[in-house]
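Dear colleague,

I am handing over the structure below, and after it I set out what was found. Please read the notes alongside the coordinates.

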Amino acid sequence: MTGRSEVERFRGAIAHRLGLRFDDARLGFLDEVLQRRLAWVGMSADAYLRDLQSGATAEPGALARELTVGETYFFRNNEQFRALAETVLPERRRAKGSGETLRILSAGCASGEEAYSIAIVLHDLALDPTRDVAILAVDLNPAALERAVRGRYSAWALRETPPELTRKWFHADGRDLILDEAVRTSVRFEEANLACDDAALWQPGSLDVVFCRNVIMYFTVEQARALLTRIGRALQPGGFLFLGHAETLRGFSEEFHLRHTHGTFYYQRKENSEAAAAAVQPGRPVVRFPAADGALPGSADAWVEVIGAANDRVAALAAASRSARQPAAGLPPPADTAAIFDLLRTERFTEALALLRRLPAASAADPDVLLLMATLLVHSGQPHAAQDTCRQLLLVDDFNAGAYYLVALCREATGDQAGAIEHDRVAAYLDTGFAMPRLHLGLLARRAGDRNAARREFAQALILLQREDASRLLLFGGGFNREALLALCEAALRDCGGEP
Ligand SMILES: C[S@@+](CC[C@H](N)C(=O)[O-])C[C@H]1O[C@@H](n2cnc3c(N)ncnc32)[C@H](O)[C@@H]1O
């Protein structure tokens, strides 16, 4: 029998050795797995857990069979393969010059569909995957890798594959489809643990493109960050990273630029000089507004507290930058920063702007101050100046969802609907908990007469608004509080034939 403390140790060891995160609701499942493994290896729980924690065992491979999610299919998020063919490969070939091999890694390849989709793209571009490009695919699960090497798939695995590619690269054998030999031999499969800093796999500057899709979403925050650091190190400057469509680098890494083409998102490793500049950027955040999953105010009092906390954060920021610069006479008292939020809340934007401009110069480059400045500029009808401020902010913080949302508002104000939609989409992608771009997308779709899209966006906004961070509502809510925004959203949803 295993007790709670053993299951907790098991969970800790799994996070440490495999990178995987399991919340409390899955402790019962972990208990079952632990008991099965103990019965199989014939060890006591204590000895087994000691070996697992110290790494003196081949258990991670066996555990991967039990614990990992291997869901995958050919041409999953096909837009990313179009971006690979039409943007990424041409850019990398230009950067490297002909004659040099491009190196592509499929990290967490499961049963091979992702790596083989890459190989099919290369064959279709008439690139020789044995000479021009090398594709390595790794996974921790040996059973998945065996299936990958076999190259035999059900029709379900090809559900998103364009029919002409199925005809060209597969032939039927009974109910299964067999992958063409030329494609199969273009991928090398290896067992590797992405939670380990394997020097051979992560050689600095050795890779041009990494697909690491739908892997970090199962990792602990620490392990995801460590893996992304290794990927950043192994990618050449200018190299590319594809994540799953529900995954972002926001909050994980500052070594990449966001790219948005073909209706999809991916990342490009900064050039060395940019990465170094970002690391010593004088305007790095001193304090941050809370993340989207910050405390939910349950009452009007809590709402006031959160606003108070936002005041404190900007006050702290002003104080920190003031002490860093040696105080001089004439700087605004900290009370002024609280006053800025008061003015924002009471929609006295011009006065708030004037006060904000009196903050010390060091604070002016802080992302939070820039965001506040851009918000006030939007509200006071200065979309061009607001966009300039957002541009400055995005130079410091590429993944700032708020900045993209404000640019969307500016684009709308200057008559560029398509630009507004695109920037809202980037904001919503970067921060899936951010309600305002969804609401804005709904309003834009309704105005364009697309009731279905409007309904979808309003429904999503309604869910997100209930959990939306309070200080972000204050910044971006356009003067409406949560209840007013919810009412607006419900009415808009009904108007488009939806049910709140
Ligand atoms: C959901 S699949 C993703 C497959 C493919 N990348 C895609 O997006 O379709 C996740 C894969 O990550 C692998 N994985 C999880 N933890 C791993 C680790 N620590 N090392 C290597 N692979 C791991 C799992 O075995 C599984 O095959």
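The largest nonpolar core has 105 residues, of which Phe10, Leu241 and Tyr267 touch the most other members; a nonpolar core here is a set of buried Ala, Val, Leu, Ile, Met, Phe, Trp, Tyr and Cys residues joined through side-chain atoms within 4.5 Å, and buried means under 20% relative accessible area, exposed over 50%, and partly exposed in between, with a 1.4 Å probe and protein chains only. Helix H16 (residues 367–379) gives this core its largest share, nine residues, where helices (H or I, at least four residues) and strands (E, at least two) are DSSP runs numbered from the N terminus. A second, separate core holds 40 residues, including Ile104, Ala137, Phe170 and Leu177.

This is a predicted model, in which local features need pLDDT of at least 70 and side-chain atom pairs count only at pLDDT 80 or more, while totals for chains, interfaces and linings use all residues. Residues are numbered from 1 along each chain as its sequence is written, and side-chain values use heavy atoms, with hydrogens and water left out.

Turning to the ligand, 21 residues surround it, and the closest are Thr72, Arg76, Asp139, Leu194 and Asn214; a residue counts as near if one of its heavy atoms lies within 4 Å of the molecule. By class, this shell has ten nonpolar, six polar and five charged residues, with Ala, Val, Leu, Ile, Met, Phe, Trp, Tyr, Cys and Pro taken as nonpolar, Asp, Glu, Lys and Arg as charged, and the others, Gly among them, as polar. A polar side-chain atom of threonine 68 lies 3.2 Å from a ligand oxygen atom, one of glutamate 114 lies 3.0 Å from a ligand nitrogen atom, and a backbone N or O atom of leucine 140 lies 3.3 Å from a nitrogen atom of the ligand. On its own the ligand has 600 Å² of accessible area, and the protein covers 99% of that, with areas from the Shrake-Rupley method and a 1.4 Å probe; for residues, only the protein chains shown count as cover.

Glutamate 347 has a positive phi near 60° and sits in the loop between helix H13 (335–345) and helix H14 (349–356), but glutamate 347 is partly exposed, at 44%.

Best regards

Technical notes: A polar contact is a pair of N or O atoms within 3.5 Å; within protein, one must be able to donate a hydrogen and the other to accept it, and residues adjacent in sequence count only if both atoms are side-chain atoms.
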